[in-house]
Amino acid sequence: MKITKAMVKTFADLSGDHNLIHIDENYAKETKFKKCIAHGTLISGLIGTKIAKTFENPILKALNLDFVSPIYGDEHVEVFFENINTVKHNISFNIIVTTGRKKVDNSRVAVHGKSEIVLRKRWYV
């Protein structure tokens, strides 16, 4: 998925997080990142989307992420799940988010972490 500057701007407006590191190129040039970066919560949302599309009716129990490298607007990211462990309806797995189109040497790990979910076949109110 491509993270666009428009997505970052829209996310800032929807979330109310107008931290200058996300929306002001002049400010960002003076930081260690040198340009605007995507919100961590935007990336977390993309991980949640991948979880929802990968597993049937997941309920998120835990999501622990380390943001180790910035993700910039107009950058492609890939979300990978590894070491998937299933015990009954409980599933745990590692998460890796890379920039670039494939998990290869020219991509870089931007986020890594772990998640736990529970699968439910039917939702009860």
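Does asparagine 83 count as buried or exposed? It counts as exposed, because its relative accessibility is 60%; the cut-offs are under 20% relative accessible area for buried and over 50% for exposed, with partly exposed in between (1.4 Å probe, protein chains only). Keep in mind that this is a predicted model, in which local features need pLDDT of at least 70 and side-chain atom pairs count only at pLDDT 80 or more, while totals for chains, interfaces and linings use all residues. Residues are numbered from 1 along each chain as its sequence is written, and side-chain values use heavy atoms, with hydrogens and water left out.

Asparagine 83 sits in strand E3, and its phi is near 55°, a positive value in a residue other than glycine. Most residues other than glycine have a negative phi. Lysine 88 also has a phi near 55°, and you'll find lysine 88 in the loop between E3 and strand E4 (90–99). Its relative accessibility is 78%, so lysine 88 counts as exposed.

Now zoom out. The chain has four helices and five strands, taken as DSSP runs (helices H or I, at least four residues; strands E, at least two) numbered from the N terminus. The order is β-α-α-α-α-β-β-β-β. The C-alpha trace spans about 50 × 40 × 20 Å along its principal axes, and 35% of the 125 residues count as buried. For a sense of distance, take lysine 34, in the loop between helix H3 (25–29) and H4: its C-alpha lies 44 Å from that of valine 87, 53 residues apart along the chain. Lysine 34 is exposed, because its relative accessible area is 54%.

Which elements each supply at least two residues of the lining of the largest pocket? They are helix H4 (40–54) and strand E3 (75–87). A pocket here is an open set of points on a 1 Å grid over the protein atoms alone where a 1.4 Å probe fits, with protein on both sides within 12 Å along at least five of seven lines; lining residues have an atom within 4 Å of a point. H4 gives the largest share of the lining, four residues. Lining the pocket are Met1, Leu46, Thr49, Lys50, Lys53, Val77, Glu78 and Val79.

Finally, look at helix H2 (residues 20–23), where isoleucine 23 lies. Isoleucine 23 counts as partly exposed, because its relative accessibility is 35%.
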